[in-house]
Amino acid sequence: MQVHPPSPFGKKTLNLKTLFQPQSPTTPEMAYTYRYSRPLVQSYRILHKLHAVSSCGQNTFSAFFSTEFVGDTPVLVRDFIHSALYHPDHGYFSQSPRSVGVLDRGINFHKLQGRKAYMSHLENIYKQNDVSWFTPVELFKPWYAHGIAEAILRTTNLSFPLKIYEIGGGSGTCAKGIMDYIMLNAPTRVYNNMSYTSVEISSSLAKKQLETVGEVGSHLSKFKVECRDAADRSGWVLVLKTGDAEQQPCWVIMLEVLDNLPHDLIYSENQVSPWMEVWVEKQQDSGKLCELYKPMQDPLIKSCLDVLNVDKDFKHQGIREASFPSKMWSKIFPKAKRCWLPTGCLKLLETLHGALPKMSMIASDFSYLPDVKVPGERAPLVSTKKDGSSSDHSSYLDAKGDADIFFPTDFWLLERIDHYSSGWLKSRIESYDRSSKKGKKRRTITLDTSVFMEEFGLPTKTKTKDGYNPLLEDFINTKFYLSVPTHNTK
């Protein structure tokens, strides 16, 4: 279990009466993922040299595939992952909508006897559909999306037109479910004046979203898809140029988005050596991909480390001179360290806070992934599914456009990144001043999926005959993160 230092954001309590108070992260003893069926386990070893260090002379972190993603110039790991997932021609999510499953109709849980019957039904669904996974919003439609819609209606200021942005909307099931719920349960003026914008990087999924939402004709005048990268600040230029738009409250929804955001990798050759950036380069003779280690210099990686390492007094925890025994121990028993950093999340949240300073946010994702094979703290699962069977990879370099790369979300770190991107934490880090009055601290809360759905959803709709409820009992390794600007609450 990963142990985090005390949070500088106050006492962590869970109190739904005073919603959006932070809470401490926990690691579940059991975890399920409906994406892939087999666990991943394998050890690793790294050879190294001094200064700019290459791993090309070994097999552990090399790949003969994915050469379309790396040219003659080395790229940072985050850029390699972005290409492997989102390259317009070779990326995983750009191949076809097959990566995300769509059910013809919702599951009638009341007709299923219990867990065994549910798992058998789920197995049959996967056999009938040649897809990589079904998201929770798809498996539990429309109830999952209805719970999110209820959370929005309870906490939004309805004196303003309701504006919703969804990042990575998949097949459009969440958008349709939310709009259905608002149409049926909110005042008529709220539905008539609302707007729902999906920001989707995949053109094939963007097309599917329009088809799904278009099943209800009245939704189409309120719904649009912008096919672009939400982390690219230039894509929000229309919002930024419109003075009224950027000052109006809005909601941002991100379901299973954080896990597919590009991450950076840093490496240390032993217990006392400084961190180094990891780059991916292609061998000129064989075309094989391998790692290259460089001194820390990338601004985004440095900022992410600042967020991770700042102490309760908002001071950097600088690199301390290692003691003589520590140095000797590291030479006798060297142990390399690898750490994955959510730089893609940092870039996305900084872009969103810049474009939508009054946004409220709902994000849901995996808080823990079992039996991860790729080494390093916060390491991803890398898996390919073909002909109904999964093939797991020991290295992210094996991704060649047919492999999903998804990461666990450190919700403790996510809260820090949220406060940093909004300006509140960033101003205190830069000034080393805990009493700084710059920025306003957002109100946040992290909830287990079961707690969120019991509070906002209708969990009785996903219960089987014997009382088993997969929505509340199976997704114990997923959480919801809610964040609202302080000046939007009383």
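Modeller: Keep in mind that this is a predicted model. Let us start with helix α1, whose buried residues are Val-77, Arg-78, Phe-80, Ile-81, Ser-83, Ala-84, Leu-85 and Tyr-86.

Colleague: What do the buried residues of helix α1 say about its place in the rest of the structure?

Modeller: Eight of the 10 residues in α1 (residues 77-86) are buried, so the helix is largely enclosed by the rest of the structure.

Colleague: Which strands does β4 join by bridges, and how do they run?

Modeller: Strand β4 (residues 195-200) is mostly covered, with five of its six residues buried. Five bridges join it to β3 (residues 163-167), and these two strands run parallel, while another five join it to β5 (residues 223-227), again in parallel. Thr-197 of β4 has Tyr-165 standing opposite, and it also stands opposite Lys-224 in β5. From β4 the chain crosses through helix α7 (residues 203-213) to β5, in a right-handed β-α-β crossover.

Colleague: How is a pair of aromatic rings described?

Modeller: One gives the distance of the centres and the angle of the planes. The structure holds 15 aromatic pairs. In one of them, the rings of Tyr-144 and Phe-480 have centres 5.8 Å apart and planes at 40°, so the pair is tilted. Tyr-144 belongs to helix α4 (residues 143-155) and Phe-480 to strand β16 (residues 478-484), so the pair ties together parts 336 residues apart in sequence. Tyr-144 is buried at 2% relative accessible area, and Phe-480 is buried at 0% relative accessibility.

Methods. Residues numbered from 1 in each chain as written. Predicted model: local features only at pLDDT ≥ 70, side-chain atom pairs only at ≥ 80, totals over all residues. Heavy atoms only, no water. Buried < 20%, exposed > 50% of the residue type's maximum accessible area, 1.4 Å probe, protein only. Helix = DSSP H or I, 4+ residues; strand = E, 2+ residues; numbered from the N terminus. Pairing = 2+ DSSP bridges. Right-handed = clockwise from strand over helix to strand, strands pointing away. Phe/Tyr/Trp six-rings, centres within 6.5 Å; stacked < 30°, edge-to-face > 60°.
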